[in-house]
Amino acid sequence: MRKVLSFGLAGLVLSACGAFAYQNITPSEVYEKMASGDEMVIVDVREPWEYESGHISGAINMPWNSGVLQARYEELPSDKEIIVVCRSGNRSVSASLFLDGQGFDRVFNMLGGMLAWKWDVATPGSGTHHHGPGWIYRDSEDSTFIHCPTDSLDWLEFPPGGMMHHHFPDSIYCNFVEMHPDSVPWPNDSTMIGGYHVDISDPMGHGMMGGGQMGFGQGIGLHLHYDDQMLIGVLEDGMMLRYWDEGSGQWIDVPAAMQDMDQNIFLVSQASIRSYYGLFATPMGPKKGDLNSDGLVDITDTIVLVQIILGGQDTTPEQIEVADLNTDGAIDILDVLQVVNIILGVSPKGGETGWRSQAFLRVPSSVVVRDRCVTIPISLETETPVSGLQLAVTYDGRKLRPGIPKGTDKTEHMTFEWTQRDSEILMLFYSTQGKQIPAGPAVLVEIPFEPVAGAAGECALCIGEAIVAGSNGESIEAMTSVSAITLGAVDLESYRLFQNYPNPFNPETEIAFQIPGASGDGEHRVALKIYNVLGQEIRTLLEEQKRPGFYSVRWDGRDNNGTEAVSGFYFYRLSAKNFTATKTMVLMK
């Protein structure tokens with residue numbers, strides 16, 4: 001089986017490391033710029049609902065997917081640094097490239113997006129704020145907030161007035177920290193995804209948590225934040241906040257705890273503080289679209305999914321379960337587009353369109369091959385834009401040998417992947433940036449074919465399986481066609497040495513050549529030999545008299561001694577009378 005993968009995606013990944021006018025910047029570097037008072041504009045290109053759920057202080061919202069930035073970019077100052085931010089760093093790359101193209105020369109793309117940033121939103125209420133351990137005073141006239149030093153969205157709010165018991169000290173020292181589940185000293189299991197610890201001491205440094213709680217005259221506010229990393233592999237709906245009860249020696253649900261899944265927080269208002277809190281969640285099955293099981297859905301999952309479709313790797317039952325994103329029972333281009341939409345942060349409508357649109361995939365109805373090669377175009381005509389396409393072209397492998405398919409100017413903005421197996425070429429077209437093939441007629445790809453040596457007569461070439469995705473990711477009904485190919489007689493006017501097939505190969509390949517002249521002419525002395533990269537002859541395939549005509553010889557990947565050749569590049573040379581030709585082939589084990 002011949003397996004060929006173009007490197008469209010790899011090029012995309014590598015291009016991110018190339019030399020663009022914009023610069024990459026880390027979240028910590030952005031924070032340092034903010035702290036030092038640098039003049040800059042932070043542009044958040046996420047959708048409004050994402051922006052409203054939390055954003056960097058002072059950031060302006062110009063969504064990329066909705067086209068707001070493209071329409072309003074002229075409002076941005078050209079004399080200031082522009083920091084572009086999105087959810088994970090994908091949309092911000094596209095937006096940064098766009099701003100570069102509009103003449104902005106001080107553009108910075110924040111790596112990792114908001115997933116790598118602890119949101120710098122305004123702290124709640126008024127009063128005294130401690131970003132780390134702090135003192136709480138009995139005679140405080142305003143609220144006091146203790147923030148977790150590693151996440152400012154974790155905080156405790158102490159009401160004015162302080163402690164209710166007269167024998168309490170005039171002040172207490174409070175520390176509030178977020179903990180990894182493995183660091184929580186009390187028994188827990190795999191359902192705990194986060195831990196929190198409250199530590200209160202008197203002015204002498206003596207712990208005051210006692211039996212696990214502290215009493216206050218009024219209810220205190222507890223704000224516990226969990227980030228997206230905690231949610232990997234668990235169900236957010238149904239999460240529980242519990243505290244450790246020393247008396248019973250078990251975790252107990254916190255009464256009246258309120259969860260806000262838009263903000264990723266739990267809110268608690270109660271008249272006591274506990275030493276340890278735990279956040280518990282139910283593990284879920286494999287995440288749809290996470291083909292490499294790293295907990296994320298990104299460009300690497302697109303690569304794995306394409307390899308699955310093209311037959312480039314074996315699949316496990318778990319991968320099959322997560323690969324069928326649209327749950328239609330098949331793994332195809334529609335699932336690739338679902339992964340792309342997850343990466344881009346958009347929600348495709350999917351399903352069927354309100355009206356029955358169609359796509360027509362055609363090859364020429366008849367082709368006559370009068371020389372040694374013909375290029376056959378595959379055309380598409382649709383009534384609506386196409387966001388992705390998968391098609392298989394089948395041919396008679398006994399009579400036709402395919403070359404390398406090439407995309408056209410109509411598909412140059414799309415990623416093109418293909419593989420050849422048996423007598424079929426499977427091709428995928430899609431865009432990792434949400435681009436589409438416009439409605440109307442378009443030549444998608446051109447495939448060169450040449451006849452197998454000595455082949456004549458008629459054979460068929462047809463478009464077999466075809467899946468066409470519309471602008472919303474919905475499946476469009478595809479109509480296909482068949483081409484009748486006539487292999488005409490060819491005048492043997494000169495010697496020719498053809499490219500071996502398959503190439504690369506393992507362990508065998510076929511080498512074809514032709515000898516000029518009419519059938520009644522005399523014989524020619526012909527030699528066909530294999531050489532390694534050092535120019536050393538390793539195999540003589542043919543050395544004898546031959547009449548004019550087409551010939552093919554198979555090489556089994558062994559040298560003259562019957563030893564298997566190692567993987568690598570090899571040369572084969574045809575010598576006859578006043579003619580010599582050499583070509584390269586690759587043995588890949």
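1. His197 sits in strand β11, which spans residues 192-201. Strands here are DSSP runs of E with at least two residues, numbered from the N terminus. The model is predicted: local features need pLDDT of at least 70, side-chain atom pairs count only at pLDDT 80 or more, and totals for chains, interfaces and linings use all residues. Residues are numbered from 1 along each chain as its sequence is written, and side-chain values use heavy atoms, with hydrogens and water left out.

2. Is His197 buried or exposed? His197 counts as buried, because its relative accessibility is 19%. The cut-offs are under 20% relative accessible area for buried, over 50% for exposed, and partly exposed in between (1.4 Å probe, protein chains only).

3. What surrounds His197? Leaving aside residues up to four places away in sequence, His197 touches Asn175, Phe176, Val177, Met179, Ser275 and Tyr276. Contact means heavy atoms within 4.5 Å.

4. Salt bridges number 18. The rule asks for a side-chain nitrogen of Lys or Arg within 4 Å of a carboxyl oxygen of Asp or Glu. The points below take some of them in turn.

5. Glu381 and Arg362 form a salt bridge through their side chains, at 3.3 Å from N to O. Glu381 belongs to strand β20 (residues 374-382) and Arg362 to strand β18 (residues 358-362), so the pair ties together parts that are 19 residues apart in sequence. Glu381 is partly exposed, at 35% relative accessibility. Arg362 is also partly exposed, at 37%.

6. Glu537 pairs with Lys529 in a salt bridge, with the closest N and O atoms 3.7 Å apart. Lys529 is buried, since its relative accessible area is 18%. Glu537 is partly exposed at 36%.

7. Glu564 and Lys589 meet in a salt bridge between side chains, 3.4 Å from N to O. This pair links distant parts of the chain, 25 residues apart: Glu564 is in the loop between β34 (549-555) and β35 (568-576), and Lys589 is in the segment after β36 (579-587). Glu564 counts as partly exposed at 49% relative accessibility, and Lys589 counts as exposed at 52%.

8. One network also deserves a look. Lys33, Asp38, Glu81 and Arg106 are joined into it by salt bridges that share partners.

How values were computed: Helices (H or I, at least four residues) and strands (E, at least two) are DSSP runs, numbered from the N terminus.
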